Every structure is written in structure tokens, then in C-alpha cells.
Amino acid sequence: MIHPLLQRLHQSTLTPLRDIHWTPELFGILLVYFVQGAVGLARLATSFYLKDSLGLSPSQVAALMGVAMSPWILKPLYGLLSDTVPVAGYRRRPYLLLSGLLGCGAWLGMALWAPTAGLATLWMVLGSLAVAVGDVIVDSLVVERVHGSDWAGTGTLQSLTWGATALGSLLTAYLGGALLAHYPPQVVFGLTAFLPLFIALAAWVIADQPVVLSQGWDPLQQQVGQVWRALRQPSILLPVLFVFVWQATPSADAALFYFVTNDLGFGPEFLGQVRLVTSIASLLGVGIFQVYLRRIPLRPLFGWMTVISAGLGLTSLILVYHLNRDWGIDDHWFSLGDSLVLTVAGQIAFMPVLVLAARLCPPGIEATLFALLMSAFNLAGFLSQELGSLLMHGLGVTETDFSRLGLLLILTNLSTLLPLPFLGWLPEESITLGGAELEAEAHASLESFLRDVQAEEAETALAMEGVSLAETDPT
């Protein structure tokens, strides 16, 4: 399978890459995405620090992780600020610079002063905020680039950006576990603090044209109104609702982490190897989507991937009940294979969300609207962690008691089937290069609506002008 995949990947991905206009700005954008993956260097260190150094339970860790990702829910606010409130006359570059500096400071805080769960949460929230702000800026730059491109071209650029994130994760995945095997988590946090500085460096190659600082709240109000009108379009709203339901189901990740470390005895170095495998799997998932799946209609693609992912998720029960040992398969090998398959399926399922969101953002509000669309995913991820925390607490799954972990996994995986009745909210049309039916329909509807809104605003302005003239006319 690998050799045919590489051949087709060269034809459908590497060849279209030659048509992309490679500029210093694009390399800067990809560097920001790369850093987003590379800060995963501290992921294992964070988990072990919360578990061992602070002594938190699985449900507490799950709840805290949900809080730590809360800045991602507010991405539309960062988009609004970027689109309407320039800093020193620029809309993109200063925000990237602030993002890099804030991220560096947050990880230094984790390294030097995080003796309590409260302070650790504060630094994690600030670190998430830094990455989220940078993500909004580069997302808007990518969306600006895909205007005028077909669906296949959009998929290529989205695959490239997410491939950069996966590459960053790949290069730091094993290193995070290897360092943790020999050094305390604070050392890993300190090293991670250097990575966000590359975001600050990338800011200097962004082609950001100076703009005049707007006065008053009118531009911001107009921006909010335009985004709200666009979001009310069924071609945007319904897919967002589906993504929300799809991702809001409870997660058992924290409980599984405690199980593999406390019950199976997996150490940080091996878990670093697992992260390396999952990073490779992410790249593989991007490649499979780019080569085989990017032209398949969204509705059947999501439907099948939801069912397949739910079924594959249940394979963790084999590890929980030690059935793999009866089959002569070591826990380590089974965990590696299971993580690879699950990551590939998850990456394939998420890529169409990015393509759809990017193609539905009209010019002028791309940072805000794209951030709003992706915030549905992030809010759902927050709810997933918090619901998982409540479920762990209710079932009594702790750092030492895993007797009901199997039931927890069954409930969390079967819950992922809940969105299936809402598949009709997704577009049915095929995402093909020649037809581009979905893109044409969505854009025609959205552009027509925005033209009507602009016409109404112009008529209102003329009417108000007429009223003003009538009031000052002596006749």
C-alpha cells in the first residue's frame, strides 16, 4: 500500500505544490504551523507533571486540560481584533509577534514557578492563548490565499499546512519522552519556551500592508454584523453544528494515560515512541486524504469515518482486559499499532472540516469567520474533556482503580455514533475539481446574501442622508 500511495501522492500532491506561489511569507506561515506541532515537546512532560508532581486524579487532569484549551474557544475574538484593531498600523505582524513572546513566557512560567494546580493551569491557559492567537493569524493568511482556488487546490494548501504541524510534532515526539526519562519536567518546559520565539521571527516575513486606524466602534460593529449574517447561512451553519456534535462526545484519554502508566507500567521514553508513531500516522492520514479522499462527497466520508473510528476505538478494550497477552502480543506492540490506526482515522476525518471551513469564508472577514467555524470544534473539544471528567468521576475510575475503565471506553466510543442522524446537515455534493458544485453553491448563496445586505445598507444610508437634507432645507 505504501508504494502506490507514494506514487499517487507525488502525482496529486507534490505536482500541485509546484503551482503554489512559494514566497518568504508562505515559509513563515508554515513555520508557525510547524511550531504548533513542535510545542508538543512538552505534552508528555505536562501529563506526568500533573499526575506525579501535583498528584491529580484522572478526572481532575481531564477537567484541567479542558480549562487549558479554553482560549481556543475565543478564537473569533482574536480574529475580530486582528481584522478591525490594527497594532502600530498593522493587522497581522504585531499579533504574531505578541503570540511568540507570550508563548515563551508561559512555558518559562511552567519551568520556574508552577508549584500548584492553579498556577500550572494559569501558565497552560496563557500558552494555549499564545498558540491560538498565532493560529488565527496564519489561518486568515491561508484563507486569503485560497480565494479564487478550486476545491482541489484548497485541499492541497490545507494538507500542506497541516503537514507542517504534523512534521513539527514528528520531530519532537520521541525527544519529549526521551528527555523526560532523564530530566525533570521543568527542563522540558524550559526547552519548549524557545520554540514560540520562532513565531515571533516568522512575523517579520509576513506581507502585512499598513492600514489606517479606524475610529470608534463602527468598524467592529459592522464586522460583527457581517459575520453574524454570514454564519446564519445554512451552507455554513449546519456543517458547523455537525462538527460540534461530532466532537463534543466525552473523551477517556486521561483515564487511558493513567492506565498505561500506572497499570501497564509504560515509561516516558516508550510513550515518546508512541507519540512518534502517531505523528507519522498524522502525516500518513494527510497523505491518504490528499490522494484518495479529497474528491469524495463529505456526507458519506464523514458517515463511514464516524462508524470506522467508533469501531477502532473499541480495540482499546483488548489492552484493558489484557486479551492481547492471551494472543501472545506484547502490550507495547499492541499499543503502538492501535495508536497508529486510530490516529490515521482521526486525521482523515478532520481534514474535510478544514477544507470546507476555508472555502466558505468571504473576503474581508476571513480571520473572524474561519476562527468562528473552528471555535465550534474547540468548544466541542472542551466539552468532550469536561464530560469525560464527569463520566470518570461517576464511574469511579481513579489513578489506581481501573475496574470500570472498560465500561468507560464503551460509553465514550459508542457516543461518537450520536451525530450520525445529523449527516443530512453536511453537503451532499461531490467536491470535484471540474464541478466544484458545493463551493459554487455555497459561494453563490453567500455572495448573493452579502450583496443584498450591502444594498440594504446603502439604501438605508441614502434614506438617512435624505432625512438629514430635509431637516436642513428651509423649504
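The expected span of a helix is 1.5 Å times one less than its number of residues. Keep that handy for the first stop, and remember that you're looking at a predicted model.

**Stop 1: helix α15.** Select residues 298–313. This helix, α15, has 16 residues and runs 22 Å from its first C-alpha to its last, close to the 22 Å expected. Now colour its buried residues: Leu298, Leu301, Phe302, Gly303, Met305, Thr306, Ala310 and Gly313.

**Stop 2: the main core.** Next, pick Leu96, Met110, Phe189, Leu271, Leu405 and Leu408. They have the most contacts inside the largest nonpolar core, which has 78 residues. Which helix gives this core its largest share? Select residues 117–146: that's helix α7, and it supplies twelve residues.

Zoom in on Leu408. Leaving aside residues up to four places away in sequence, Leu408 touches Ala252, Ala255, Leu391, Met392, Leu395 and Val397.

**Stop 3: the salt bridges.** How many salt bridges are there to find? The count is two.

- Show the side chains of Lys51 and Asp52, which meet at 2.9 Å, N to O. Lys51 counts as buried because its relative accessibility is 11%, under the 20% cut-off. Asp52, at 47%, is partly exposed.
- Then go to Asp331 and Arg325, where the closest N and O atoms are 2.6 Å apart. Buried or partly exposed? Asp331 is buried at 7%, while Arg325 is partly exposed at 44%.

Definitions and conventions:
Residues are numbered from 1 along each chain as its sequence is written. This is a predicted model: local features need pLDDT of at least 70, side-chain atom pairs count only at pLDDT 80 or more; totals for chains, interfaces and linings use all residues. Side-chain values use heavy atoms; hydrogens and water are left out. Helices (H or I, at least four residues) and strands (E, at least two) are DSSP runs, numbered from the N terminus. Buried means under 20% relative accessible area, exposed over 50%, partly exposed in between (1.4 Å probe, protein chains only). A nonpolar core is a set of buried Ala, Val, Leu, Ile, Met, Phe, Trp, Tyr and Cys residues joined through side-chain atoms within 4.5 Å. Contact means heavy atoms within 4.5 Å. A salt bridge is a side-chain nitrogen of Lys or Arg within 4 Å of a carboxyl oxygen of Asp or Glu.
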